[in-house]
Amino acid sequence: MTETAFQNLGAQCRSLENINLQHSEFNVDGLVSFIEAYGNQIKKIYFTHSTKSDKLLSALSKGCCPELMLLEINTKLDGGYCQLPICIQALQIGCPKLQTFRLMNVTPVPKTIRNTPSSTSGFPMLEELCIATSSHSFMTDGDLNNVLHGSPHLRVLDLRGGSRITATGLYALPCERLECLYWGLYFNSNTMVASKKGIHMLAHKWSSTLRELDLANQPFSEEDMEIAMGHLAHGAGVDLFRSLNLSGTKITSSALRLLISQSPALKYLNLSSCRYLPRGLKRVYHGREDIQLLLDKLD
């Protein structure tokens, strides 16, 4: 969309609340001008990363869209490695009502803006954070804490590719009611992984609320995984646990049996490339009937 098109759009759609520009060519300057004029009404913005994405973030950080509830920035699947400088503190001040923040295959790089406070109240209404990539992410525990230190109501946390995030860092977050944790690693396994222990702490912390868990290719030990599965199996939320990805992990038959025997709602189970399981069991399971057949074989 050209800048003129955005001007015409503004004249016609003064009640527009959602902007969706995913995988489309658009004029960033025109979009910035539009939200500077009509941003007070905008609640959702979706767009594909470009070389000028920082201009849009700068406008949002200045408070052009104070009612914004959802911000999603993605990239084309063949777009390669994408970095996006973001001053999280400025965005927290400019978008205090943000509930969903997604960066899909876009790696955030900390950015400093003059006169922006180093400490803010965070995103107090945030319920979903997605900073996921199919490649390697350089996000650290400190970076994650900068985003979530003021988000006690977070329900969904997607950190796929986050090899520098540790279990200790996740445990320290103020999010006590997490329902979905996606922390699988989907890149070359030779990449250094910061967290090799502690998954049992997270399973214990969120045993009452967790519904979906992705730990694909995480290098936690057999003992750590067994304790974690025990916490989930005996947690108050086990009846609602529905999805588990353990592909490439050191899960054992005994630990697996303990959890799935107590999880009546489990409908998806990925056990591909699990080296400690017998041959013939290392695959993806769909539906309760399929999982029950697995349980019979484990018994």
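Let us begin with strand β3, which spans residues 70-74 of this predicted model. Strand β3 is mostly covered, as five of its five residues are buried. In a regular strand the side chains alternate between the two faces of the sheet. In β3 both faces are covered: one side carries Leu70, Glu72 and Asn74, the other Leu71 and Ile73, and all of these are buried.

Which strands join β3? Strand β2 (residues 44-48) is linked to β3 by five bridges, and strand β5 (residues 100-104) is likewise linked to β3 by five bridges. Strands of a sheet pair through backbone hydrogen bonds, either parallel or antiparallel. Here β2 and β3 run parallel, and so do β3 and β5. On the β5 side, Leu71 stands opposite Phe101.

Another pairing to look for involves strand β9 (residues 180-182) and strand β10 (residues 212-214), which pair in the parallel sense over three bridges. In this pair, Cys180 stands opposite Glu212 in β10. Helix α3, for its part, packs on the sheet and touches β2 and β3, and its direction makes about 165° with that of β2.

Here are the three pairings side by side:

| Strand pair | Sense | Bridges |
|---|---|---|
| β2 and β3 | parallel | five bridges |
| β3 and β5 | parallel | five bridges |
| β9 and β10 | parallel | three bridges |

Now step back to the whole sheet. How many strands form the open sheet, and in what order? Eleven strands take part, in the order β1-β2-β3-β5-β7-β8-β9-β10-β11-β12-β13, and the pairing is mixed. At the edges are β1 (18-21) and β13 (284-286), each of which pairs on one side only. From one strand to the next, the twist averages 5°.

One last stop is a loop residue. Thr166 lies in the loop between β8 (156-158) and α6 (167-171). Is Thr166 buried or exposed? Thr166 counts as buried because its relative accessibility is 16%, and buried means under 20%. Leaving aside residues up to four places away in sequence, Thr166 touches Asp141, Trp183, Ala194 and Ser195.

Terms used: Residues numbered from 1 in each chain as written. Predicted model: local features only at pLDDT ≥ 70, side-chain atom pairs only at ≥ 80, totals over all residues. Heavy atoms only, no water. Buried < 20%, exposed > 50% of the residue type's maximum accessible area, 1.4 Å probe, protein only. Helix = DSSP H or I, 4+ residues; strand = E, 2+ residues; numbered from the N terminus. Pairing = 2+ DSSP bridges. Contact = heavy atoms within 4.5 Å. Axes fitted to C-alpha atoms, helices over the stretch in contact; angles between N-to-C directions.
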